[in-house]
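Please walk through the structure shown here one part at a time. The text moves from a helix pair to the sheets, and then to the contact between the chains.

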Amino acid sequence: MDVFSDPLNRDVYITGFLWILKLTVAGGAGALVLGVLLAAMRVSPVPVLRGFGTAWVNIFRNTPLTLIIFFCYFGLFSTLGLSLADDIDLNNFWLGVIGVAVYTAAFVCEAIRSGINTVPPGQAEAARAIGMTFLQTLTIVILPQAGRAVIAPLGSILIALCKNTTIVGTIGLMESSSAMKQLINENGDNVIPIFLVFAGTFAIVLIPTGYAFGWLANRLAVKR
Amino acid sequence: MRITRLAATLGALTMALAVAACGGDDEGTGSGSSAKGIEGKAASGKLVIGVKADQPGLGLQTGSTYAGFDIEIGKIIAKGLGVPDSGIEWKTTVSSNREPYIQQGQVDLVVATYTINDERKKVVNFAGPYYKAGQDLLVPTASTITGPEALAGKRVCSVSGSTPAKRIQTDYKDAKLQQFDSYSKCVTALAGGQVDAVTTDDIILAGYAAQDQYAGKFKVVGKPFSEEPYGIGLKKDDSAGCNKINDILKAAATDGSYKKAWDDTLGKSGTPAPELDTAALSNCS
């Protein structure tokens, strides 16, 4: 364990997980907003919107995240010139957030859509009967109940997202998996302890997250 | 109900055993090859050599065949140990799994741009060095960058977590470092103009500069600013094997096979073969 007593190495480790945390928060927020919008599109009465939502889900859910992230750098940035920040790291970070968010949004959309299916049709019919528009029905009646039904699956998606953010390392952000590679490269004599510390950190953070979502899901479930 | 439960228990047990068996398998090969060292393994007529698969000129995999200077060095050593080319199994290694592969016996030798340093010497025995590389810069032909001092404010690319990347971070703080997980991405970014230079060992850069699709576009600056002696990694306790490989390298330096290995691979770009410094072959422990 003396690898981590060196402050320089500890810095690499901490910076790595700070990037993971930032990617998870920013990517998760983006994915949630996008995912809810996509779910709304997929249940909307407008065929174009439905088609758009379906296409998005099918394209991004079935494309490897590595490719999406890779495209964000070499497609959006290199070829199309979309520069999000002057600082190299920040630019890579935001490109990574875009990639992670559009990918995860597909899963969030499907989770929410399954939640919508748990809301009895009578609710929507009643809302329409008292004269609510589609948007009102969706945002006031359906989505709040649907969201509460899918907290546990959303938790699983968040956990997957957190681990997926390590892929942003392929475009050069020094997140935890790149940080681990660096430490292993410099300390060839301590490969297994380094690996265990990095894997352990993920487990220590994510296991309680899983339980927290389970608890929340129970508390907020709509009792029928 | 009882039958279902029994079946489930049996199923779980089978899976657990299968996992355990996988683990046991690795251990088995490991202890088997370590017993007699590299010479004992060679006597069976087979060697597993770990090489890089993504470095043109050094170790490049095309389909199922490997080619490059490291590959030729591997063949020379195998021949010296009495193993024919057909008895060599090439195995792709990346920088971070070289030590574990050697320790677990997944490979017998590693010839993969493997810099000798003190941390690695604690767990691995190094024969060689068979080549002395140095960190350098690859820039577009028209670039005005003349050395690492000229990097201030420039975007320079290297592989994340590698020694060259670390050296830029600590010694040339004014440079902006872009990191990727492979040098080929760096070279793509250099071709696209997103970075101003790529940095790693000169010998690796030369290999990229000599690739057909980049011919005439890039140049290696030619001012190495570090020393990277490339060694051949093998098991820590195999001193006899290590000395034997050094003897093979010495013989290769005198009978011309070392020069031929160079001329057939990296030498194609016109760089004359380096002298193998036989006096420096003293890293065996």
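Two residues are in contact if their C-beta atoms, placed from the backbone, lie within 7 Å. Helices (H or I, at least four residues) and strands (E, at least two) are DSSP runs, numbered from the N terminus. The model is predicted; local features need pLDDT of at least 70, side-chain atom pairs count only at pLDDT 80 or more, and totals for chains, interfaces and linings use all residues. Residues are numbered from 1 along each chain as its sequence is written, while chains are lettered from A and ligands numbered from 1 in the order in which they are written.

A:I112, A:G115, A:I116 and A:T118 in α4(A) meet A:I142, A:A146, A:G147 and A:A149 in α6(A). Five of the residues in this contact of α4(A) with α6(A) are nonpolar, three are polar and none is charged; here Ala, Val, Leu, Ile, Met, Phe, Trp, Tyr, Cys and Pro count as nonpolar, Asp, Glu, Lys and Arg as charged, and the others, Gly among them, as polar. Helix α4 (residues 88-118) of chain A packs against helix α6 (residues 134-149) of chain A at an angle of about 110 degrees, and their axes are 8 Å apart. Axes are lines fitted to C-alpha atoms, for helices over the stretch in contact, and angles run from 0 to 180 degrees between N-to-C directions. The helices α4(A) and α6(A) are therefore roughly perpendicular to each other; angles under 35 degrees count as roughly parallel, over 145 as roughly antiparallel, 65 to 115 as roughly perpendicular and the rest as oblique. The crossing in which α4(A) passes α6(A) is right-handed. A crossing is left-handed if the near helix is turned anticlockwise from the far one by less than a right angle, and right-handed if clockwise.

Chain B has a helix pair of its own. Helix α3 (residues 69-80) of chain B and helix α9 (residues 239-255) of chain B pack at about 110 degrees, with axes 9 Å apart. That angle makes α3(B) roughly perpendicular to α9(B), and α3(B) passes α9(B) in a right-handed crossing. From α3(B) the contact takes B:I76, B:I77 and B:G80, and from α9(B) it takes B:I245, B:I248, B:A251 and B:A252. By class these are six nonpolar residues, one polar and no charged.

One open sheet has five strands in the order β5-β1-β6-β13-β7 (chain B), with mixed pairing. At its edges stand β5 (88-92) and β7 (124-133) of chain B, each with a single partner strand, so one side of each is left without a neighbour in the sheet. Neighbouring strands are turned by 25 degrees against each other on average, direction ignored. Within this sheet, β1(B) and strand β6 (residues 109-115) of chain B pair in the parallel sense over two bridges, and B:G50 stands opposite B:V110 in β6(B).

Two backbone details belong to these strands. B:T113, in strand β6 of chain B, has phi near 40 degrees, a positive value in a residue other than glycine. Most residues other than glycine have a negative phi, and most peptide bonds are trans.

Another open sheet of five strands runs β10-β9-β11-β8-β12 (chain B), again with mixed pairing. Its edge strands are β10 (176-180) and β12 (218-220) of chain B; each has a single partner strand, so one side of each is left without a neighbour in the sheet. The twist averages 30 degrees from one strand to the next. Strand β8 (residues 135-140) of chain B pairs with β12(B) in the antiparallel sense over three bridges, with B:V139 opposite B:K219 in β12(B).

How many residues bring the chains together? In chain A 18 residues are in contact with 25 residues of chain B. On the chain A side, α3 (65-79) and α8 (176-186) are the elements that give two or more residues, and α8(A) gives the most, with six. That side has six nonpolar, nine polar and three charged residues.

Confidence comes last. The model scores ipTM 0.71 and pTM 0.76. For chain B the mean pLDDT, the predictor's confidence in each residue from 0 to 100, is 85, and 92% of its residues reach 70 or more. Residues 24-35 of chain B stay under 50 in pLDDT. Where pLDDT is low, the predicted coordinates should not be read in detail.

Methods: Two strands pair if DSSP finds at least two bridges between them.
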